[in-house]
Amino acid sequence: SSLPSGGAGRAWPFLASPLGSVASVRLDMASASSSSAPAAASASAQPAASPHEAFEDAEEELDASLAHLVANNTLRWIFVGGKGGVGKTTTSCSLAVELASRRESVLLLSTDPAHNISDAFCQKFCNTPTRVNGFENLFAMEIDASINESLEYKLKQEDGFGKVMQDLVSAFPGVDEAMGFAELMQSVQTMPYSVIVFDTAPTGHTLRLLGFPDLLERGLGKLGSLQNKLGGFMQMLTSMADQDAKEEDVALKVNNLRTATTSVKATFQDPTKCTFVCVCIPEFLSVYETERLIQELCKHGINSNNIVVNQVLFPDDCGEDAAGALADDPVGPAELQKLAAQIASLPLSEEQTGPLVALARRAAERVGELEKGWDMCQKKRRMQSKYLSQINDLYRDDFHIVAVPMLGDEVRGLDRLRAFAKLLQVGGRTLPVLEE
C-alpha cells in the first residue's frame, strides 16, 4: 500500500522499508474504523469507488490546530509524547490548563522519571494528586520510584501469588515493569477525573508503557498454560512453600490482573476515550522517533492523529522580508567601512568628521554581527525546511499538524502556559517550507 497523496512520491532515506508497512497499517486501521454494518450492506448495491475517489476526502488538509481535541468531551486519556527535549511537558501542561476551563476536573500525570511539570508550573508536585495553584479543578502528580519499589516489595512477599509472579518474571523478562504499568493504569482508571493528560517519558519508555497490556497478556497466558498442565504439581509446591497460601487465591489475583489489563487495553484502543499527541521538532532524530512512535501506536491500535511541530522558524523570525528589500540595494559592512573612509577624506577638520567616521565604523561592525546571526538563522531555516517538507508529505492527509513558532523565552508559569495553549489552538498556520 502507499499513502493517498504526497507521501507516495517522496522517499524517506532513513525509513525506506518500514514506511510502506506503516502506511499499510494506517490505511487498514482507517478502513476498519470507518466501516459499519449499514455501509457493508449497501456496498454491493453501489459501484466500487476508484482509488482517486476513495482518497478524495483525504486530500483536504485537516485543521492545523488542537482546537478539536480540547473541544472533544468524550476523551478520558490524552497522552503527550515524543523524543526528549522537544516540548512534551510544555504541550501537556498547556493542554491541561486549557482543558481545565472546559472540563469538570482535570489531572496532569507525569510518567517521566525526569519530572518537569513542577518546573513548568513553578510549584512542587508529588506522587499524589495536588491542586495546581490558581485552579479549583486542575490537579497534577508525578509518578516516582515508590511505585516500582512497591511492586518489588509485592513480588518479594513470601505468599503464593508473590512466588508465582517471581517465577513469571524470571521466565518472561519485562513482566515486572509491565506489572508496574498495570498497577499504575489500574489506579488511574479509578480516579474521579473527567480527563487525564499524561506527560510521558521519552519514546522508548512510553512505548513500553503502551505495550504492557500485550506483554502481560502473553505472560499471563503462559502462566495459565503452565497451571493447566502442572496444576497439581504447582499446588503441591505452593503448599510446601507456604501452608497458608491457597491456589484459589493465586488464581483470583491472576484473574484480577488479567481483567484489569484487558480493561486498560480496551480504553487504549477506543479512539473516543484515548488519543496520543506526538510532539517533535523539525530535526532528523526527532522526526525519525516520531515515525517510529506512530508505527508502534498503529500496531497497538492506539489513536494518534495530532502532531505538534515545535520550535519552528517562520520567515518573519529570520527577517526574510527585510533581506529581500536589501537585495536590490545592499548595504553591508564593506559599504559602511567605505563610507567611513570617504567621510574621513573630506576636507574638514577631524573634530567635524571624527564622530561621523566612528559612527559609520560602529554601524559596520554591528551590521556584520547581524549578518552572521541572519546567516545562521537562514541555515537553520533551510535545515528545518527539509524535515518540514517530509512531515508535510507524510502526515498532512491523516494528521492535524500544528506548527508552533520558536519562542524567545522559556514557557514557565501560568500566563505563558495559557499563551502557549492559544498557539496550539490557532488554525491556518501552515508549515513554512522553502521553495526549491
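Visitor: How far apart are E369 and R366 in helix α17?
Guide: They sit three residues apart in α17 (residues 350-395), so about one helical turn separates them. Helices here are DSSP runs of H or I with at least four residues, numbered from the N terminus. Keep in mind that this is a predicted model, where local features need pLDDT of at least 70, side-chain atom pairs count only at pLDDT 80 or more, and totals for chains, interfaces and linings use all residues. Residues are numbered from 1 along each chain as its sequence is written, and side-chain values use heavy atoms, with hydrogens and water left out.

Visitor: What do the side chains of E369 and R366 form?
Guide: A salt bridge, at 3.5 Å from N to O. The term means a side-chain nitrogen of Lys or Arg within 4 Å of a carboxyl oxygen of Asp or Glu.

Visitor: Which residue does K379 pair with?
Guide: D375, with the closest N and O atoms 3.6 Å apart in a salt bridge. Both lie in helix α17, four residues apart, about one turn of the helix. K379 is partly exposed at 45%, and D375 is also partly exposed, at 33%.

Visitor: And what about R102, which partner does that one have?
Guide: R102 forms a salt bridge with E98, the closest N and O atoms being 2.8 Å apart. R102 is partly exposed at 39% relative accessible area, while E98 counts as buried at 16%.

Visitor: How many salt bridges are there by this rule?
Guide: The count comes to five.

Visitor: Switching topic: how do the axes of α16 and α17 cross?
Guide: At roughly 175°, coming within 8 Å, with α16 spanning residues 333-344. The axes are lines fitted to C-alpha atoms over the stretch in contact, and angles run from 0 to 180 degrees between N-to-C directions. That makes α16 roughly antiparallel to α17, a label for angles over 145 degrees, with under 35 degrees being roughly parallel, 65 to 115 roughly perpendicular and the rest oblique.

Visitor: Which residues make the contact?
Guide: Among them are L336, A340 and I343 of α16, and L356, A360 and V367 of α17. Contact means heavy atoms within 4.5 Å.

Methods: Buried < 20%, exposed > 50% of the residue type's maximum accessible area, 1.4 Å probe, protein only. Helix = DSSP H or I, 4+ residues; strand = E, 2+ residues; numbered from the N terminus.
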